[in-house]
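Hello,

Here is the structure I said I would pass on. Please open it first, then read the notes below alongside it.

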Amino acid sequence: MPIYSSRPPVKEDRRGHNGGPSLDGSTAASPNSSPPEEPDPKEFAHISRWLSERNVRADKDKYTGADGIDTAIGVRLDPRVGEPAAGRDYQPNNLNHRKGLEGEFGLVNDFARQFPDHTIIEFGRKAGEHGPDVISVDPNGKITVLDSKWRGADTSISPSRRAHQTENSLQSALQRIGLSINAAMKSGRVSPEAGATALENWRNGNLTIVTVGTGNARNGVIERIAGDERAVVHPKRRP
């Protein structure tokens, strides 16, 4: 059995539409569908290594190329990640929010470098807005959500600190993901084929949430969500 597994209450429609059409005009998957298969550890091996090695790699979050996107907070973005949702000139007034955004920008740079097959479809929203920090779609339509946990003190991110643990938080994340996929397809950032599969995964509640330590925080957590099944697949619980 997966570790830290749980089964949240089944909703009529996990997108919050009470059984009505989803954001792309289709209906949500039935909550009575067959349970998903157990996660394949090999599928998450690359992400697990990345999380484990982030804190030992120097300049992991920097992009130094001349073609980078310069931002008002002083972090140059890898051009592959696109424009931040709040704009490159956005500066939070609160110091902690600014540090959090710096951590998020660094995280998206590192993710683009380590996972070049993924397309970042949204990141860098204004402080206080609900939803995932980073949303990506790979060529096969798999959805990955990244949430940056910035900490000033040296600490390790454990499963108890993972993102979107509550049903309300997950619902909010799913709403944002659906909107972002549709926008990415409309803009051409995601191909029609990958976008269609991503929307199918979104309707069925299939995604991976990766909570990542930034700033002085280390390590992270990978949680697989498939329908109404949730399971932490990294780190593994000790026997």
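**What was found**

Buried residues account for 47% of the 239 residues in the protein chain. Please keep in mind that this is a predicted model.

The protein chain contains 4 helices and 7 strands. Going along the sequence, their order is β-α-α-β-β-β-α-α-β-β-β. Of the contacts between residues at least 6 apart in sequence, 64% link residues at least 24 apart.

**The cores**

Which residues have the most contacts inside the largest nonpolar core? They are Trp50, Phe123 and Val210, in a core of 25 residues. Two or more residues of this core come from each of these elements: α1 (45-53), α2 (95-114), β2 (119-123) and β5 (206-218). The element that gives the most is α2, with 6 residues. There is also a second, separate core, which has 19 residues, among them Val137, Ala163, Leu170 and Leu207.

**Two residues to look at**

Start with Val210. Setting aside neighbours within four places in sequence, Val210 is in contact with Ile47, Trp50, Leu51, Thr144, Val145, Leu146, Asp147, Val221 and Ile222.

Then go to Thr208, which lies in strand β5. Is Thr208 buried or exposed? Its relative accessible area is 10%, and the cut-off for buried is under 20%, so Thr208 counts as buried. With neighbours within four places in sequence again left out, Thr208 is in contact with Phe44, Ile143, Thr144, Val145, Ile222 and Glu223. Thr208 and Leu146 are 62 residues apart in sequence, while their C-alpha atoms are 8.6 Å apart in space.

**A helix pair**

Two packed helices are described by the angle between their axes and by the distance between those axes. For helix α3 (residues 167-187) and helix α4 (residues 192-204), the angle is about 165° and the axes are 10 Å apart. Angles over 145 degrees count as roughly antiparallel, so α3 is roughly antiparallel to α4. The crossing of α3 past α4 is left-handed.

Where do they meet? On the α3 side the residues are Leu174, Ile177, Gly178, Ile181, Asn182 and Met185, and on the α4 side they are Pro192, Gly195, Ala196, Ala198, Leu199 and Trp202. Sorted by class, this contact has 9 nonpolar, 3 polar and no charged residues.

Regards

Technical notes. Residues numbered from 1 in each chain as written. Predicted model: local features only at pLDDT ≥ 70, side-chain atom pairs only at ≥ 80, totals over all residues. Heavy atoms only, no water. Axes fitted to C-alpha atoms, helices over the stretch in contact; angles between N-to-C directions. Parallel < 35°, antiparallel > 145°, perpendicular 65-115°, else oblique. Left-handed = near helix turned anticlockwise from the far one by under 90°. Contact = heavy atoms within 4.5 Å. Nonpolar A, V, L, I, M, F, W, Y, C, P; charged D, E, K, R; others polar. Core = buried A, V, L, I, M, F, W, Y, C linked by side-chain atoms within 4.5 Å. Buried < 20%, exposed > 50% of the residue type's maximum accessible area, 1.4 Å probe, protein only.
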